[in-house]
Amino acid sequence: MYRLPITKKLRGLASLVGNRVRDRPLNITLELTRRCNARCDYCNHWKEQKQDEQALADFVGVVERFQPFSVTICGGEPFMRKDALAIVRAVKDAPGWRYVSIITNGWFLSEERAQALLDTGIDQVNVSLNFPDARQDGDRKLPGLFKKIAHIVPWMAARGANVQLNTIVMNENLDDALPIAELALSWGASVMYTLYSELPADNHAHLFPAERQARLLEVLGELRDYKRAHANIANTQWYFDTIPTYISGTPIPGCTAGKKTLHVSPGGMVRACAELPMVSHYSTYDHRAIAPVTCTRCFQACRGEVQAPITLGRVVEALRS
Ligand SMILES: C[S@@+](CC[C@H](N)C(=O)[O-])C[C@H]1O[C@@H](n2cnc3c(N)ncnc32)[C@H](O)[C@@H]1O
């Protein structure tokens, strides 16, 4: 599995400290487009009318204005844009240092495009995977998708890339959570789990019914044990430990979206996260002046992991991994 070289870790640590001291956003998600080739029933992006999509220079403009520690290139499906690779490269090469990753469903990652993606200098490639077998095709309504992912993830990992699977934990794939970690390890990849949210498509069908909550606790225990034995689960233990509280109906306050993490629409509008309303164009958005969000309606990893306390144990774990 990919191990971040110590020089890169120290560079990242220095950048993180500078980012905190200057009160800059930790992460910015750049939605290149809302267009998508998948037809997931838990996300509505693909149903939307085509939005204005800003040009490469504006994506760089976002990075230059906020100077975040990290940038996540996302969508819709980012590769629906023909200039996706050029945008990744431009965001990576803009003056200063940042950790750049992409989230993709993997469909467009032929060997040639995957190599071109790695050649941009991208730091991490996230491929979404909710099932460790051909059920993935049905999840995304893309026949043949699992076969493509099963080829390209180990292919990229074998070329020294930092590849991570992004897995939504929901009712249907609860028993697949551990097998996905095992599959990721066999492919040379890591995995980051996120709790399912009904918000993106107002779809409650994948939530955990009350009778499944005991099994959820068991699975979280299995993931904790696996995480201790192997280094390829990227979640913090705090995130796993807090999921049962959220599932039991207790709100988890303290979401830092809008201040530490910003979401930029294809047209350059900033919002706290993909589920909250647009606030203003990136050229006028001020994360320092904006009031903290009070939303407690989800516990996805994009908020939960950012809130996870920074402990000495985590720092040591990060330096050793
Ligand atoms: C909206 S997708 C866009 C990127 C790309 N098209 C993909 O599928 O990976 C970004 C991430 O959000 C996750 N996601 C989508 N709907 C979700 C939901 N309802 N709850 C939790 N995560 C969700 C996806 O699995 C994916 O990892």
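Visitor: Where is Ala272 found in the chain?

Guide: This is a predicted model, and in it Ala272 is found in the loop between β8 (269-271) and β9 (278-281).

Visitor: Is Ala272 buried or exposed?

Guide: The general idea is to count the other C-beta atoms around a residue, and a residue is called buried if 20 or more lie within 10 Å of its own. Ala272 has 24 other C-beta atoms within 10 Å, so Ala272 is buried.

Visitor: Which residues is Ala272 in contact with, leaving aside its neighbours within four places in sequence?

Guide: With those neighbours left aside, the contacts of Ala272 are Ala257, Gly258, His263 and Val293. For Gly258, the sequence and the space can be set side by side: Ala272 and Gly258 are 14 residues apart in sequence, and their C-alpha atoms are 3.7 Å apart in space.

Visitor: Which residues have a positive phi, Gln67 being one of them?

Guide: The general idea is that most residues other than glycine have a negative phi. Gln67, although not a glycine, has a positive phi of about 45 degrees, and Gln67 is found in the loop between α2 (56-66) and β2 (70-74). Lys141 also has a positive phi, near 60 degrees, and Lys141 is found in the loop between α5 (135-140) and α6 (145-158). A further case is Asp23, which takes a positive phi of about 50 degrees just after α1.

Visitor: Why does Lys141 count as partly exposed?

Guide: Lys141 has 13 C-beta neighbours inside 10 Å, and therefore counts as partly exposed. Gln67 is partly exposed because 19 other C-beta atoms lie within 10 Å.

Visitor: How many helices and strands are in the chain, taken as a whole?

Guide: The chain has 11 helices and 9 strands. Its C-alpha atoms fill a box of roughly 50 × 45 × 45 Å along the principal axes. For 321 residues a compact globule would have a radius of gyration near 20 Å, and the chain has 19 Å, which agrees.

Visitor: Which residues have the most contacts inside the largest nonpolar core?

Guide: The largest nonpolar core has 64 residues, and those with the most contacts inside it are Leu30, Ile73, Val88 and Val191. Beyond its neighbours within four places in sequence, Val191 is in contact with several residues, among them Leu165, Ile180 and Ile233.

Visitor: How many residues surround the ligand, and which are the closest?

Guide: The ligand is surrounded by 18 residues, of which Tyr42, Asn105, Ser128, Asn166 and Ser197 are the closest. The elements that give two or more residues to this shell are β3 (99-104) and β5 (163-169). By class, the shell has 8 nonpolar, 9 polar and 1 charged residues.

Definitions and conventions
Residues numbered from 1 in each chain as written. Predicted model: local features only at pLDDT ≥ 70, side-chain atom pairs only at ≥ 80, totals over all residues. Near = placed C-beta within 6 Å. Helix = DSSP H or I, 4+ residues; strand = E, 2+ residues; numbered from the N terminus. Nonpolar A, V, L, I, M, F, W, Y, C, P; charged D, E, K, R; others polar. Buried ≥ 20, exposed ≤ 12 C-beta atoms within 10 Å, placed from the backbone. Rg over C-alpha atoms; globule rule 2.2 N^0.38 Å. Contact = placed C-beta atoms within 7 Å. Core = buried A, V, L, I, M, F, W, Y, C linked by C-beta atoms within 7 Å.
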